[in-house]
Amino acid sequence: MTTQIRFLLGDKLMVLKDVDPSMTVLNFLRCVVGRPGSKEGCAEGDCGACTVMLCELRGDDLQYRAVNSCILFLPVLDGKQLVTVEDVKSENGTLHPVQQAMVDSHGSQCGFCTPGFVMSLYTAYQTERSLTRNQVDDVLAGNLCRCTGYSPIATAAMRMYEYKEPSVKGNNVLEQLQDIRRNEVLELNWADRKYYAPASLTEFATLYAQYPNAHILAGGTDVGLWITKQHRDLDTIIYTGGVQELLAIDETSDQLVIGSAVTFSDAHPPISRLYPDFGELIRRFGSVPIRNSATIGGNIANASPIGDAIPPLMALGATLLLNRDGETREVLLDDFFVGYHATILEPGEFIQSIVIPILHKHRLGVYKISKRFDQDISAVCAAVSIDLEGDNVRDVKVCYGGMAEVPKHATECEQALRGKRWTRETVDLAARALQRDFAPISDMRASSEYRMLVAKNLLVKFFIETSAPKTTTRILEYAATFAG
Ligand SMILES: Cc1cc2nc3c(=O)[nH]c(=O)nc-3n(C[C@H](O)[C@H](O)[C@H](O)COP(=O)(O)OP(=O)(O)OC[C@H]3O[C@@H](n4cnc5c(N)ncnc54)[C@H](O)[C@@H]3O)c2cc1C
Ligand code: FES
Ligand code: FES
């Protein structure tokens, strides 16, 4: 067991003991080490003014990720390198290509958002050789600017690769991070607060069984806001992010098993390869920095009515492997939720992994409706999986988020489809059955009427999309008769 956090701040090794485990990295930067470049705009992961880069070991490689420092707890830095806007320019004062491109493209006006934009772009500069215009939109979806109108910043993002690459700073980061790699539990005690970061599944399960009232911390994109917005006092925290078994992704011919601490960014490639629509939903989940922190396990355990991963996982028949002091049980995701933000988890029990069946014959459609395209929470999220035998519906699952107190199957709708012919008439009847499945609420995201209308329309949209190839083939055949 160790009681010290060790990380690199730029090139400098930091060793900290006796720190408040729920202090945010942003507060540490601005108030403790005097690095005020990173700004606080919203303190909830929305505006990107606090963006910093984390560099961490992945096997024997380095992984670079932009994250929101305002909702990141300080001990999470253990074993990583933290790079802030203060580290970006060269020691001789020469601006980094990202900064020079921002200057030359007039990408900054009042400057409040600029460090955040620079860090998002700096991270992209480390990981990509060029960006398309669409990729620029993705990379910058989590950074807000009220002055520039974004266009000059997008221009800077496209142009930054044209500038001469500076000499690489801190090229011994890999060795330094290997030197501070931790294989034991990190334990911090500060006032009445405790923080544990186990390194193995057994340690995690034992600790959580010992402290069943502890708060599990994964990516902190929900938990972080309990501190910054609700000012809660979290007395005991157990962090999942250092547990190798919870970070694993295993794929066989019939299932994809994702550890509960896997981030959306890491889960995105295998999921989008198997289920492109689900992948597209993940691409619209929060922003790049949010996806770099947020985990699938956290999204499920949070049991929010609008947790985006839940409808597609339900539609695929996913199961959860739950662990309590080393004893495991597998439950269907459908049976996991018992009410608004309530689950079947027993004290000391946690989600170990998510098991996603690979359905070779099914087609999955996933739709997210939100007021803003990027970086917004769903008003309604729909997922439909269907197995068709000719025109007959052999199997179908229709699941919605945002329509009830938890994401759910539309059972009446499913019944109206199962075993029937996949025609517009059947789908219209099934869409009407949604009124028996749900009585959605009105809130700031959407009215009850809007939610119901959209839910129906999304089912029809799925029908049109699944029928489109046939229609297209018929049109082509028809066109061919003229060509002949
Ligand atoms: C700016 C912003 C944008 C967002 N956009 C979206 C969005 O587009 N779609 C969406 O669905 N959500 C969104 N969210 C919400 C949030 O990002 C997700 O719910 C996320 O998946 C939570 O995961 P996490 O790892 O950050 O969880 P944490 O915040 O670390 O934890 C969330 C909850 O899950 C518990 N928990 C975590 N892991 C486990 C486990 N293994 N076993 C048991 N309990 C566990 C924690 O104790 C806590 O109660 C957004 C949040 C922010 C701040
Ligand atoms: S301060 Fe707005 S995202 Fe962190
Ligand atoms: S330059 Fe003023 S907020 Fe972006």
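## The ligand shell

By class, the shell around ligand 1 holds 15 polar, eleven nonpolar and four charged residues. In this predicted model, 30 residues surround ligand 1. The closest are Ala-218, Gly-219, Gly-298, Asn-299 and Ala-301.

Which elements each supply at least two residues of that shell? Two are strands: S8 (215–217) and S16 (349–357). Two are helices: H11 (288–293) and H12 (296–301). H12 gives the largest share, with four residues.

## The chain as a whole

The protein chain contains 16 helices and 20 strands. Its C-alpha atoms fill a box of roughly 70 × 60 × 45 Å along the principal axes. The radius of gyration is 24 Å. A compact globule of 484 residues would have a value near 23 Å, so the chain agrees with that expectation.

Buried residues make up 45% of the 484 residues. Take the contacts with a separation of 6 or more: residues 24 or more positions apart account for 66% of them.

## A five-stranded sheet

Five strands form an open sheet. Their order is S2-S1-S5-S3-S4, and the pairing is mixed. Strand S2 (12–16) and strand S4 (61–68) are the edge strands, each pairing on one side only. Neighbouring strands are turned by 30° against each other on average, direction ignored.

One pairing in this sheet can be followed residue by residue. Strand S3 (residues 51–58) pairs with S4 in the antiparallel sense, over eight bridges. Within this pairing, Leu-57 has Leu-62 of S4 as its bridge partner.

Strand S6 (residues 186–190) and strand S7 (residues 193–197) run antiparallel and are joined by five bridges. Asn-189 stands opposite Lys-194 in S7. Two residues lie between the strands of this hairpin. Ala-191 takes a positive phi near 50° there.

How does S7 run relative to strand S9 (residues 236–239), parallel or antiparallel? The two are parallel, joined by three bridges. Lys-194 takes part here too: its bridge partner in S9 is Thr-236. Strands of a sheet pair through backbone hydrogen bonds, in either the parallel or the antiparallel sense.

## Leu-26 in helix H1

Leu-26 is found in helix H1 (residues 25–32). Is this residue buried or exposed? Leu-26 has 24 C-beta neighbours inside 10 Å, so it counts as buried; the cut-off is 20 or more.

Beyond its neighbours within four places in sequence, Leu-26 is in contact with Ser-38, Glu-40, Cys-50, Ser-69 and Cys-70. Glu-40 is 14 residues away along the chain, and its C-alpha atom is separated from that of Leu-26 by 7.6 Å.

## Two loop residues with positive phi

His-106 lies in the loop between helix H2 (97–104) and helix H3 (114–127). Its phi is near 60°, a positive value in a residue other than glycine. His-106 has 13 other C-beta atoms within 10 Å, and is therefore partly exposed.

Gln-375 lies in the loop between strand S17 (363–369) and strand S18 (380–389). Gln-375 is not a glycine either, yet has a positive phi of about 50°. With 21 other C-beta atoms within 10 Å, Gln-375 is buried.

Key
Residues numbered from 1 in each chain as written. Chains lettered and ligands numbered in written order. Predicted model: local features only at pLDDT ≥ 70, side-chain atom pairs only at ≥ 80, totals over all residues. Near = placed C-beta within 6 Å. Nonpolar A, V, L, I, M, F, W, Y, C, P; charged D, E, K, R; others polar. Pairing = 2+ DSSP bridges. Axes fitted to C-alpha atoms, helices over the stretch in contact; angles between N-to-C directions. Rg over C-alpha atoms; globule rule 2.2 N^0.38 Å. Buried ≥ 20, exposed ≤ 12 C-beta atoms within 10 Å, placed from the backbone. Contact = placed C-beta atoms within 7 Å.
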